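Take a look at the fold below.

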Amino acid sequence: QVHLVESGGGSVQPGGSLRLSCAASGVIFNFNRMGWYRQAPGKQRALVALMPRVGDTVYADSVKGRFTISRDKAKNTVYLQMNSLKPEDTAVYYCNGFLLEDYWGQGTQVTVSS
């Protein structure tokens with residue numbers, strides 16, 4: 001059974017940084033793509049960053065230049081470095097992996113507030 005486990009969320013002041021990690025277990029092959037989505041209160045889940053196994057990385061316009069996604073393919077692990085955080089980045093962040101179907105982590109809360 002495939003599991004994705006996120007870590008690294010928390011509370012930070014505006015302008016601060018956080019690094020999210022997502023480790024996959026129960027999967028033999030590399031995911032075709034791995035990425036991060038977020039869901040703010042009262043809003044739909046939205047793409048933050050996506051890294052395919054082959055091809056270009058995709059970022060939401062709102063995080064370009066501030067967030068960086070990286071991936072350790074050997075470990076089926078994906079990271080999200082978040083810098084210059086803003087209050088509007090507050091959300092639950094979900095890790096996603098796709099291999100024949102979508103797999104999701106349980107989510108980790110990120111709160112940006114002074």
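In what order do the four strands of the open sheet run? The order is β1-β3-β8-β7, with antiparallel pairing. Strands here are DSSP runs of E with at least two residues, numbered from the N terminus. Two strands pair if DSSP finds at least two bridges between them.

This is a predicted model, in which local features need pLDDT of at least 70, side-chain atom pairs count only at pLDDT 80 or more, and totals for chains, interfaces and linings use all residues. Residues are numbered from 1 along each chain as its sequence is written, and side-chain values use heavy atoms, leaving out hydrogens and water.

Now zoom in on one pair. β7 meets β8 (residues 77-82) in the antiparallel sense, over six bridges. Ile69 stands opposite Leu80 in β8.

The loops come next. Most residues other than glycine have a negative phi. Asn76 has a positive phi, near 50°. This residue sits in the loop between β7 and β8. Leu100 also has a positive phi, near 70°. Its loop lies between β9 (91-98) and β10 (102-104).

Are these two residues buried or exposed? Asn76 is buried, at 5% relative accessible area. Leu100 is exposed, at 79%. Buried means under 20% relative accessible area, exposed means over 50%, and partly exposed falls in between (1.4 Å probe, protein chains only).
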